[in-house]
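Please read the points below with the sequence and the model open side by side. They are meant as a colleague's note, to be checked residue by residue.

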Amino acid sequence: MNNTASDEWQTVCQFDELAPETFIEFRVRQKNPKPGTMPLMGFLFLDDQKPRAYVNQCPHLGVELNWMPGRFMDADNLFLQCSTHGALFKTDSGECIAGPCQGDALTALDLRITGSAIQVRLPE
């Protein structure tokens, strides 16, 4: 089956479902996942009223960032934080600014708003 570009986009939620300090977690649709691998997860949130989405995977060891469902921010609510190693990431770019993966970045998902739906896809 040949996927077109529009088939790669997946709806995560409606825009009005996003609220400040709320994270929506979802499974990222992959073109050809390897059999037996864990599903790729993502998260979506508002960053100063702008929606952003990242793959939920720390660049250091590939572990999920959150320590509980919907818990991605540090204690000061300024940076995304890896619950395993404490690495801190800028919300607007995913760049790691502290921790074992400093200089790396989270994988940003392409994002678009179609009507009132927020859609994401893995970057090419």
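**Notes on the model**

1. Ile113 counts as partly exposed, because its relative accessibility is 43% (buried means under 20% relative accessible area, exposed over 50%, and partly exposed in between, with a 1.4 Å probe and protein chains only). The residue lies in strand E8, which covers residues 110-114; helices (H or I, at least four residues) and strands (E, at least two) are DSSP runs numbered from the N terminus. Not counting residues up to four places away in sequence, Ile113 touches Phe15, Pro51 and Ile118, where contact means heavy atoms within 4.5 Å. Ile113 and Ala19 are 94 residues apart in sequence, and their C-alpha atoms are 16 Å apart in space.

2. A word on the basis of these notes. This is a predicted model, in which local features need pLDDT of at least 70 and side-chain atom pairs count only at pLDDT 80 or more, while totals for chains, interfaces and linings use all residues. Residues are numbered from 1 along each chain as its sequence is written, and side-chain values use heavy atoms, with hydrogens and water left out.

3. As to the overall fold, the chain has 1 helix and 9 strands, and reading along the sequence gives the pattern α-β-β-β-β-β-β-β-β-β. For 124 residues a compact globule would have a radius of gyration near 14 Å, and the chain agrees with this because its own value is 14 Å (taken over C-alpha atoms, the globule rule being 2.2 Å times the number of residues to the power 0.38). Along the principal axes, the C-alpha atoms fill a box of roughly 45 × 35 × 25 Å.

4. Turning to burial and surface, buried residues make up 36% of the 124 residues in the chain. Among contacts between residues at least 6 apart in sequence, 44% join residues at least 24 apart. The chain exposes about 7,400 Å², of which carbon and sulfur atoms supply 48%; accessible areas come from the Shrake-Rupley method with a 1.4 Å probe, and for residues only the protein chains shown count as cover.

5. On charge, the mean positions of the 10 positive and 16 negative charges of the chain are 7 Å apart. Lys and Arg count as positive and Asp and Glu as negative, whereas His and the chain ends are not counted; the place of a charge is taken as NZ of Lys, CZ of Arg, CG of Asp or CD of Glu.

6. Leaving aside neighbours within four places in sequence, Phe45 is in contact with Leu18, Thr22, Phe23, Lys50, Pro51, Arg52, Tyr54, Leu80 and Thr91. Phe45 and Phe23 are 22 residues apart in sequence, yet 4.9 Å apart in space, C-alpha to C-alpha. Asp47 counts as buried at 15% relative accessibility and, not counting residues up to four places away in sequence, touches Arg52, Thr91 and Asp92.

7. How many disulfides does a search of the whole structure find? The search finds 0 disulfides, a disulfide being a pair of cysteine sulfur atoms within 2.5 Å. Cys58 is in no disulfide, and the nearest cysteine sulfur, that of Cys82, is 3.9 Å away, which is too far for a bond. Cys58 is buried, with a relative accessible area of 3%, and Cys82 is buried as well, with 1%.

8. Gln49 has a positive phi of about 75°, is placed in the loop between E3 and strand E4 (50-55), and is exposed, with a relative accessible area of 56%.

9. Finally, is Asn66 buried or exposed? Asn66 counts as buried, because its relative accessibility is 13%, and the residue lies in the loop between E4 and strand E5 (80-81). Leaving aside neighbours within four places in sequence, Asn66 is in contact with Glu25, Asn56, Arg71, Phe72 and Ser83. Asn66 and Asp76 are 10 residues apart in sequence and 15 Å apart in space, C-alpha to C-alpha.
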